[in-house]
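Here are my notes for you, written as numbered points. Keep the 3D view open and find each piece as you read.

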Amino acid sequence: MLASGGRKSLAALLQARKGLFQPSRDMRLVQFQAPHLTGPHLGLESGSGEGIINLSAFDSTLPKTMMQFLEQGEAALSVARRALTAPLPVLPRSEVTLLAPVTRPDKVVCVGMNYADHCKEQNVSVPKEPIIFSKFASSIVGPYDEIVLPPESQEVDWEVELAVVIGKKGKHIKATDAMAHVAGFTVAHDVSARDWQMRRNGRQWLLGKTFDTFCPLGPALVTRDSVADPHNLKICCRVNGEVVQSSNTNQMVFKTEELIAWISRFVTFYPGDVILTGTPPGVGVFRKPPVFLQKGDEVQCEIEGLGVLVNKVV
Ligand code: ZN
C-alpha cells in the first residue's frame, strides 16, 4: 500500500511488519462437524492453522454448507472475510472432524493427460485438446477419511491433483473471464482402479474412477485471492512416507482458464462444481513393475500452500 506521496505510510509499514510475525490471513474455508453442533458447519481455518473458527458463531445468517455459501457469492465471501480479523473463539483441531470442503457438487469434471511430464512418462505427445471425464459426487470423502479398496479391483492407484472449485454459474465462459468464475482451489486425490479404467467396461474410464471413497478432497477451499499463482505450485504424493509423485502445477498442459473455457462449451458450470486438473508422473501403474495400493497404506497428497490430504487405505 502506498501513501499518496508515493512513500509507504506508517500504517502500511506497520502492517507489512506485522505480516512477518503474524500468521497468514489467507482465506481457508472448511466444512466441519463438532460434537456440540448439529450437522455440518462452515468454518475458517484459523490463521496459524491450530483450529477452526465457526462462521455461524460470527454471523448466524451465513449458510452452513459450502454449496449455499458459494451460491451467495461475493456477499457471503465479504462477511467471511471480516471474520478473518475478528476476535473469535477457535475450536481445537482435535475437537472437529473436517469434511470435504464441497460435499455434493452438481458435478466433478476431471482432466486426463494434463501434465507434460506425465505424458512423457507414458511416451505419448501432449493432447491437442483437453481430455475430459468425470467422477460421481458420491465418490467424494473428507481430507482424512479412509479410501476403501473395492473387492472388484486389484489395481487401485494414486493421483494427486489440483482441484478448482467453481464459484459462479456460467456457460461459454471466455478464458479471459474464467478466473472470475473460480471460488478457489483445493487438493484432490483422483483414486483410480486401473483394471476398470484401462481394460474393463469397454475402456470407459468412469467406473474405474468413481468407486465410493475415490475422491478425497480438501482440507480447505483456499479462495482465489489467497493463491498467488495456481499454476506454479509444488505438488506431491507420498505413499507410506515415500515420495511417489513430485512435480509442479506449471507442468499443466491446459491451465485453469483454458479448461473452464473448454468445458463450459459443453456444460453449464454451477457454484460448487469441482474440476480435477490432472496428475503429474509417478503413478503406480506406469512403474516397473507396477505398484498398487494395499490395505494399511497411507497416502498423503500435498500442494504447496493449499494443504495435505491424509487417507488410510482399508
Ligand atoms: Zn486424474
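Predicted model: local features only at pLDDT ≥ 70, side-chain atom pairs only at ≥ 80, totals over all residues.

1. Now try the term out on β17 (298-303). One face of this strand is covered and holds Val 299, Cys 301 and Ile 303. The uncovered face holds Glu 298, Gln 300 and Glu 302. Cys 301 has a relative accessible area of 0%, so it counts as buried.

2. Which strands sit alongside β17 in its sheet? The order is β15-β14-β17-β18, an open sheet of 4 strands with antiparallel pairing. Because β15 (242-248) and β18 (307-312) are at the edges with a single partner strand each, one side of each has no neighbour in the sheet. From one strand to the next, the twist averages 10°.

3. Let's look at the pairings one by one.

4. Next, the inside. The largest nonpolar core has 43 residues, and those touching the most other members are Phe 185, Cys 237, Ile 260, Phe 269, Ile 275, Val 299 and Leu 306. At least two core residues come from each of β6 (108-112), β10, β11, β14 (234-239), α8 (256-263) and β17. There is also a second, separate core of 32 residues, with Met 67, Leu 84, Val 108 and Cys 215 among them. As background, nonpolar side chains in soluble globular proteins tend to be buried together.

5. Leaving aside neighbours within four places in sequence, its contacts include Trp 158, Val 160, Val 244, Val 299 and Cys 301.

6. Is α8 mostly enclosed or open? It is largely enclosed by the rest of the structure, because 6 of its 8 residues are buried. Those buried residues are Thr 256, Leu 259, Ile 260, Ala 261, Trp 262 and Ile 263. The elements covering them include β6, β7 (131-135), β10, β11 and β16 (274-276).

7. With those cysteines about, how many disulfides are there? A search of the whole structure finds 0. For Cys 110, the nearest cysteine sulfur belongs to Cys 215 and is 6.8 Å away. Cys 110 is buried, with a relative accessible area of 0%. For Cys 301, the nearest is the sulfur of Cys 237, at 4.1 Å.

8. Finally, the metal. Which residues coordinate the zinc ion? They are Glu 159, Glu 161 and Asp 190, at 1.9 to 2.1 Å. Along the chain the donors follow the spacing E-x1-E-x28-D. Glu 159 lies in the loop between β9 (156-157) and β10 (160-166), while Asp 190 is in the loop between β11 (182-189) and β12 (192-193), 31 residues apart. Glu 159 counts as buried because its relative accessibility is 6%, and Asp 190 is buried at 0%.

Definitions and conventions: Residues numbered from 1 in each chain as written. Heavy atoms only, no water. Donors = N, O, S within 2.8 Å, 3.2 Å for Na, K, Ca; no water. Buried < 20%, exposed > 50% of the residue type's maximum accessible area, 1.4 Å probe, protein only. Core = buried A, V, L, I, M, F, W, Y, C linked by side-chain atoms within 4.5 Å. Contact = heavy atoms within 4.5 Å. Pairing = 2+ DSSP bridges. Axes fitted to C-alpha atoms, helices over the stretch in contact; angles between N-to-C directions. Disulfide = S-S within 2.5 Å.
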